[in-house]
Amino acid sequence: MDDQFTFDDDPRLISIRKKFEAVKARLRKQMPTQPFERFILPLRVKELDGNVVVLAAPGRFIQTWVSDKYQAVLSSHLSAECGERMEVQVESVLNLRTEAVEEPAAIAPPISDSASERYTFENFVAGPNNQLAFNGARQVASNPGGLCNPLFVYGKTGLGKTHLLCAIRGQLRSRLSQSGVVYQIGQEFTSGFVAALERNQMGQFRRPIETCSVWLIDDVQFLDGKTRTQEEFFHLFNQLSHNGKQVVICSDRAPRELSRFEERLRSRLESGVVAEMLPPDTETRIEILKRRSAELGMDLPADVCEYLAMNTPGNVRSLIGALKTFIVAAQTCGATPSVDLAVRTIEKQFGREECRKPDADRVIEVVCDRHSISVEQLKSPSRKAWITQARHIAVYLIREELHESWKRIGERLGNRDHSSIIHGFSKIEGLLSSDSDIKRIVQEVRRDLGLS
Ligand code: ADP
Ligand code: MG
């Protein structure tokens with residue numbers, strides 16, 4: 001269990017944290033001040049796994065001491081508080097404030113800087129189906145707080161929304177200071193908000209947003225149905241707009257379709273420029289393939305380009321996936337890139353049941369792409385909630401679809417211990433029935449992989 005996985009609005013975790021605070025309050029009365037403050041006070045609930053509550057202790061010394069002396073008493077108090085048997089485990093986490101307990105999201109944007117370098121206006125192909133969003137984003141980048149404020153961009157997954165946000169971020173970062181642009185994913189905003197509420201750190205949570213010049217918020221649909229988070233969002237949104245600051249929002253649905261958003265927020269979201277992104281037409285798809293293949297170092301024959309553009313099902317992400325598969329296939333068998341090979345590639349990736357399975361690297365790539373993180377971040381020791389989630393989804397899909405052993409999956413994902421891999425799998429398996437965000441992401445990744 002090496003990964004922290006704090007889910008927002010996860011009622012079980014919130015509830016166990018409250019109960020643990022009650023246990024602390026009781027122990028404060030029962031124990032001498034010094035050991036209480038030294039060993040019990042700094043403990044935090046890191047995660048909940050069935051009836052096992054994992055506590056984070058700042059450093060190995062306190063971890064060992066608590067495990068030896070207090071584990072039993074903590075378990076029994078917590079069991080009494082919960083009305084069922086709970087078991088406590090203690091883990092050591094250096095620098096507990098910043099590692100075990102995530103700082104609010106605004107301080108740690110999940111997107112890698114490499115994404116901003118990779119996703120630029122120059123390598124975005126504009127066409128009739130994304131022109132308005134593209135122009136709006138360019139306007140924002142050259143004149144933040146101007147005509148296109150707020151800018152709301154929506155469209156199905158894989159059509160370039162995150163690409164545009166990163167392009168804005170990349171361009172403005174060179175003009176504004178690092179803290180001038182805040183990029184957040186809806187889910188990170190939610191988790192940052194809930195964590196700040198719990199820890200009474202609202203000021204810290206709000207400050208980076210309140211003081212930025214441009215607030216970019218991706219996948220705002222994650223706030224759907226989360227009333228208190230929406231209230232906070234609404235408040236910050238109004239405050240920034242009032243001060244002439246730029247807000248850009250991306251979503252997989254139009255403001256009107258965010259059915260569990262409050263009406264006043266929905267109408268606020270459409271108070272500026274609203275741009276829909278639709279799947280690109282064939283010409284745009286051909287241009288995307290031309291540019292991408294040149295970036296990838298392949299001189300793609302025109303007929304192959306056309307064939308791939310017209311025959312790859314799905315969004316731009318699948319189109320680029322098909323291109324990469326084609327390039328690898330051509331390199332592997334040393335064949336000349338031909339339409340014939342393109343036909344086989346498409347068939348393999350999207351065609352008949354028996355040969356359409358992607359490989360594990362492809363699963364990892366698509367999961368990373370969906371979370372806008374790099375493969376290195378996925379394999380790194382990072383415990384940031386968003387990265388951990390991506391890692392767990394990758395575990396889940398590799399296991400479910402490719403039936404690889406736990407050990408092999410662990411090796412692929414940065415040489416992780418097999419117990420942490422099993423933990424990740426169970427986490428997603430459990431959340432699929434209770435967490436609509438996770439369910440949606442898994443569905444989208446499956447679709448991008450041609451699995452559904
Ligand atoms: P979304 O956020 O809408 O789900 P992304 O921005 O993650 O989609 O885009 C998925 C992939 O497709 C990225 O690799 C992105 O660079 C690429 N892409 C999408 N649209 C375009 C476009 N018009 N031109 C170039 N690349 C594109
Ligand atoms: Mg996106």
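User: Which residues does E270 touch, not counting residues up to four places away in sequence?
Analyst: This is a predicted model, where local features need pLDDT of at least 70, side-chain atom pairs count only at pLDDT 80 or more, and totals for chains, interfaces and linings use all residues. Residues are numbered from 1 along each chain as its sequence is written, chains are lettered from A and ligands numbered from 1 in the order in which they are written, and side-chain values use heavy atoms, leaving out hydrogens and water. Contact means heavy atoms within 4.5 Å. By that rule, E270 touches P255 and R256.

User: Is E270 buried, partly exposed or exposed?
Analyst: Buried means under 20% relative accessible area, exposed over 50%, and partly exposed in between (1.4 Å probe, protein chains only). The relative accessible area of E270 is 31%, so E270 is partly exposed.

User: How many disulfides are there?
Analyst: A disulfide here is a pair of cysteine sulfur atoms within 2.5 Å. The sulfur of C212 is 15 Å from the closest cysteine sulfur, in C250, too far for a bond. For C250, the nearest cysteine sulfur is that of C166, 9.5 Å away. The count is 0.
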